[in-house]
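Subject: Structure handover

Hi there,

Here is the structure I promised to pass on. My notes on what turned up follow below it.

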Amino acid sequence: MKKVASKWMAAGMALLLAVAAGCSQAQPSGTDGTSSNTGTTTPASSDKKETVTLRFATWDTDQMLKIQQDIAKQFEQKNPGVKVQVEAYADGFDQKLVAAFGAKNPPDVMYMWDFPTYNASLEPLDEYVKKDPSVAIDDFYQGLLNYNRFDGKLFGLPAGFSTRVVFYNKKLFNEANVPLPTDNWTWDDFKSAAKQLTVRDKKQYGFAVRSEPDTYDLQQFVWSNGSSFISPDGKAIEGYMNSKETAEALQIFSDLAKDKSALLVGGKNQQSGNDLFKAGKLAMYDNGVWSLESYKKANVDFGTVVMPQFPGKPGKGVIATSSVSIAKDSKNKELAWEFLKFFVSSDAIKMRTSDLPVRISVVQEKKLDQDPLYAPFYKTLEQSTDTPAFLLNPHWNEINRNLSAAVNAIMMGQNAEELLNKAVKDSQKFLK
Amino acid sequence: MKSWSLFPRRSIHAKLLAFMLIAAIIPLITLGSMAYWKSSMVVREQFSKSGEYIATQLQIQIDNYLSQMRYMAYDINTYVSDPTLVVIREEQPKTYTGFLEQKNFERYLGAHRNLDTKGIFIVTPSGYFFGENVINGQDLMRESWWKALPAKLDEERWIGFYTPRHYVGFQDEAELRNQEKVLGLVVPVLSGYGVLKDSRILIEMKAGKLFQLFSQLEEDMSAHVTITAKNGELIYQTAGTFVQKESDVVWNKPLESNNWMIQVRLPYEQMNRSAEVIQSFFIAALILSAVLALLLAYLFSRRITGKIKRLQETMRLVGTGELQTRAEVDTEDELGRLGVSFNQMVRRIQTLIAEVSRTEQLKKEAELRAVHYQINPHLLFNTLNSIQWKARLSGANEIGNMLYHLIKVLEGNLDITQELVPLDKELQTVEHFLQIQELRYGPVFQYEQTGVEACGRYLIPRMTLQPLLENIFFHAFEDGHGTIRISVSEKEGLVTLLLQDDGAGIVPERLAKLLDPDLERSSKRGLGVYNVDQKFKLHFRMEHGMKISSVRGEGTTIQITWPKREELPDEHQGNDCG
């Protein structure tokens, strides 16, 4: 009985739907043309095909992501028919990127720094730069471009960077009657300042040593002392990683921690150097530009200065850079290049406030190289002429594990030379 | 008792209104109810399906997370219980090998991470931990759920959903609140010695996707989600108060991994809400349509019945004798044509009435004249008879004969009691008249008649032929010479009489005037022919009567046509009454 009724109703519904369909079909032809587009397929769909979607992957979040989205929006406005899809991979950046490259469906443009790992999946840019003078490649700091080369090829263009400088708390210096650091201070100046500025009763420290520092950051000290972790051709570590100069540079920090003029920070269950500096409990801290705003916000009266030097040896710097690259498997390489070009253009660079401008013209226009807070970063940039180890040897990751263990142990107060010899010995196998 | 009828008896207006309303509303209700019934069924089904789908998604997703976490914990436990693989001698490494071993171990832990993993750690009783350096072990130990764990943990503990406070880098409560919630699992490390003794594996998964599913159920469907553990402990519950009802639609999804039970409760009204929207739309549409139908029906039927009423009023006026009244016609529809026909009919009636009254008038005049003629026919006849006898006695036979025929003619002429006489009787009178003419002129003319035997009994107005013959002798035959022919024939109910002479003929201008009724009677055309024609028209119909054709010098033909009528025997009256 119920079945019969529902069948009957279904028939009625079909009739009703047919009537309704008839009505709705008749409607668009009577109304204006725009609404009829939904009914017909050809013109609307062909319009849609003209919209090209360009995928852009970034590791940034929050405020920095917002800036990149704004840049993408500006690019869309200047290029009608282009939609830039900003994909925020956040801390899953590498996992997602590897998966996308593996699936041959990578984002067209992506943030990049690890050229040794990804260069095979990236589009070499030398030809683009040669063909398109509007990118004004000479306007970039050469030191930055150097970091975007691997195997002699350019795989990315710098979008933002930071070098490392010493942030110092002026108030603490003045309280302790220690002269403020200058551009040509030495490690001895530094050590004595650290000692004087440590007041253990007030839990105030002259400096903070990372108990598990990134060996990448340590390179500038090794370079400054005339050594390096690896030979310039990337083939030898013996005599470089375990040289007297390398050990000497690293030992400085170990000694600072040992004689308590520096606090070990950043390890498991240890305080963060940043927090200490913001709290005004830290007189000196080496860091990139990223923390500058938060220090200002914390109302710390601070200054910046280049790293101390070894007497008679030129200071050296290491660069942290955010670059942008094009995927080799991108289906819109020309458009990707246009976007990449826009992303590193003066206009876009001016929008990026979270790291430092990469174009000489922008720096000069904003007079950043004359700003006391920012000048040390650019001075260090000029000194950043050495190529970091990871760009010189494809097996650096493996070598670095041993080096890290050695460095960590050195920071815990062990003998540097002995540990570096052990690390070199353990790492020789990766060079063969 | 007054019987109630669905349709009012007296007003077409009301009937039309009722009919149109019913015609509009019944299909509307039928189709509308069907549409409502079916669509709300579909909507409800869809709603229920999507609820079921999301609940299943939730179940699969949570189950997926739980089993992943379990697997990770199992895997790590297997690894750490093998002393040849893990050699951790000190919590905080200080030596080169110590750091290498710790890093290797932490890389092993990190290898279990996937995109949904927030963190994987092994936490020692002292608060030191192995794993990515993103948390603070001391903060972790201050977390209430961590403190609630028994000191001697014997089996896995599902923590449920919480905002982690032990991750470094969060400055204030506001930042903490924005933190993605995590789903946590704590498992005791099986290794019974060394640094890892009594340690716990902590696995935290990002629960953002799950909370999206929760909010889909909670915000989009107003459902109430409850997740309870095996022991009745509440793992998750939708915020806010929720009153459970018998009628709620409930999906219960048990989780395989750890016997949690997901219950999604959807208030029945919620499911019906979209159907209710359809219903209210439908009712609004129904009311609107009904009002529209009523309005249109009212306007339309008022126009029609208004016209009918006006026509009715016109007819009533015509009925009371106001024949000049005309129906107003402003359309070409059936009512318009009805009005036109009615107007034509009234016009015809007016014409007929006018004709009837004119005929009556003429009849009265004729009667009056007849009375005048009747003044003393007896005196005339008696006197003529006396003169006739005197003439015979004096031997003047010719005069006597003439008088005899004259009397016969006069008898025919003066017998006014009968207006219509048989044709043969009229012809007898004619013959008496011709006898007089023969006596007068001598036998110089000829008279022929045909068809009288067959048609003699048909009635003809009295005194119609004699004046025409008189005309012939008076105008056509100047010296009495000539031939006169009378022929009578009958066809299709009409009698046709032809009177022909071969006399002088009539001049055309006179011929035209002969039968023209518009001419004054006093004019010179002479009364004879016109009067004869009028007699036929009066007695019969206007279309009957005479036609005259004449050719100068060759003669005249008069054709008279009238309907065939016979004298009934009982109506026969003697003509010798006087």
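Helices (H or I, at least four residues) and strands (E, at least two) are DSSP runs, numbered from the N terminus. Helix α8 of chain B, residues 334-373, contains L338(B). With a relative accessible area of 42%, L338(B) is partly exposed; buried means under 20% relative accessible area, exposed over 50%, and partly exposed in between (1.4 Å probe, protein chains only). L338(B) and I308(B) are 30 residues apart along the chain, and 9.8 Å separates their C-alpha atoms.

Before the rest, some bookkeeping: this is a predicted model, in which local features need pLDDT of at least 70 and side-chain atom pairs count only at pLDDT 80 or more, while totals for chains, interfaces and linings use all residues. Residues are numbered from 1 along each chain as its sequence is written, chains are lettered from A and ligands numbered from 1 in the order in which they are written, and side-chain values use heavy atoms, with hydrogens and water left out.

Now to a lysine in chain B. K253(B) sits in strand β8, residues 249-254, and counts as buried because its relative accessibility is 10%. Its side chain makes a polar contact of 3.3 Å with the side chain of T56(B). (A polar contact is a pair of N or O atoms within 3.5 Å; within protein, one must be able to donate a hydrogen and the other to accept it, and residues adjacent in sequence count only if both atoms are side-chain atoms.) Leaving aside residues up to four places away in sequence, K253(B) touches E52(B), A55(B), T56(B), Q59(B), W260(B), M261(B) and I262(B), where contact means heavy atoms within 4.5 Å.

Next, the interface. Chain B and chain A bury about 2,500 Å² between them, with 61% of it on carbon and sulfur atoms; buried area is the accessible area (1.4 Å probe) that two parts lose on being put together, summed over both. On the chain B side, M34(B), Y96(B) and F99(B) lose the most area to chain A, together 29% of what that side buries. In terms of contacts, 30 residues of chain B meet 28 residues of chain A. The rule finds 3 salt bridges across this interface, a salt bridge being a side-chain nitrogen of Lys or Arg within 4 Å of a carboxyl oxygen of Asp or Glu. K206(B) and D91(A) form a salt bridge through their side chains, at 3.8 Å from N to O. Of the side of chain B that touches chain A, α2(B) gives the largest share, 7 residues.

Finally, the rings. How many aromatic pairs does the structure hold over all chains? The count is 55, where rings of Phe, Tyr and Trp (its six-membered ring) pair if their centres lie within 6.5 Å, and planes under 30 degrees apart count as stacked, over 60 as edge-to-face and the rest as tilted. Y141(A) and Y378(A) have ring centres 5.6 Å apart and planes at 40°, so this pair is tilted. The two are 237 residues apart, with Y141(A) in the loop between α7 and α8 of chain A and Y378(A) in helix α18. Y378(A) is buried, at a relative accessible area of 2%.

Best wishes
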